[in-house]
Amino acid sequence: MVNPIGNTTRHDGLEHIWQWLEAIPDPEMPYISIVDLGIVREVNQQDGQLHIVITPTYSGCPAKMVIEQDIRRTLADHGVLSVSLKTRLFPAWSTDWMSQEGREKLRAAGIAPPLPAEPGWQQLKFFPLDKTQVCCPCCGSEQTCLQSEFGGTACKALWLCDTCLNPFEHFKSL
């Protein structure tokens with residue numbers, strides 16, 4: 001079961017399943033896996049059936065169906081045909097669930113990873129902007145400035161580095 005702070009639950013003997021799921025890229029950001037994003041919450045086996053719980057990055061995520069299809073296809077490719085896939089919306093997904101490896105993958109793709117989410121963000125009706133300075137993923141400079149509250153998706157903001165002059169997206173903290 002998922003605990004209140006959002007940690008994933010990994011049952012003994014199913015590490016190979018987690019490894020297969022770690023190979024599934026996010027449809028909107030293919031440089032990061034659905035496991036690294038923290039979308040896969042729980043994997044367990046009961047009565048000969050594999051049970052997987054996912055929490056999409058937001059309830060209306062347009063990629064949810066593709067993610068579910070990719071999970072089923074990947075498991076079928078490995079001979080796992082009896083799968084129960086459940087979506088859990090509470091607690092809501094948070095950027096705090098991203099793995100450190102996932103954050104590094106974002107940085108390598110030129111996207112500044114999210115900072116820790118502020119307490120109480122879930123009560124807000126908009127994506128909160130980070131109040132601390134965002135470091136440039138290209139050169140590491142803290143001399144950056146917000147250009148637009150929205151980037152390629154609503155969960156990213158567009159920033160500009162004053163040092164290397166590169167524009168970059170920052171994944172907002174949720």
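Modeller: Helices (H or I, at least four residues) and strands (E, at least two residues) are DSSP runs, numbered from the N terminus. The model is predicted, so that local features need pLDDT of at least 70 and side-chain atom pairs count only at pLDDT 80 or more, whereas totals for chains, interfaces and linings use all residues. Residues are numbered from 1 along each chain as its sequence is written, and side-chain values use heavy atoms, with hydrogens and water left out.

Biologist: In which strand is the place of phenylalanine 168?

Modeller: From the N terminus on, the elements run β-α-β-β-α-β-α-β-β-β-β, giving 3 helices and 8 strands. Phenylalanine 168 falls within residues 167-171, which form strand β8.

Biologist: Does phenylalanine 168 count as buried or exposed?

Modeller: Buried means under 20% relative accessible area and exposed over 50%, with partly exposed in between (1.4 Å probe, protein chains only). Because its relative accessibility is 2%, phenylalanine 168 counts as buried.

Biologist: What distance separates the C-alpha atoms of phenylalanine 168 and threonine 144?

Modeller: Leaving aside neighbours within four places in sequence, phenylalanine 168 is in contact (heavy atoms within 4.5 Å) with residues including Thr144, Trp159 and Cys161. Phenylalanine 168 and threonine 144 are 24 residues apart along the chain, and their C-alpha atoms are separated by 9.7 Å.
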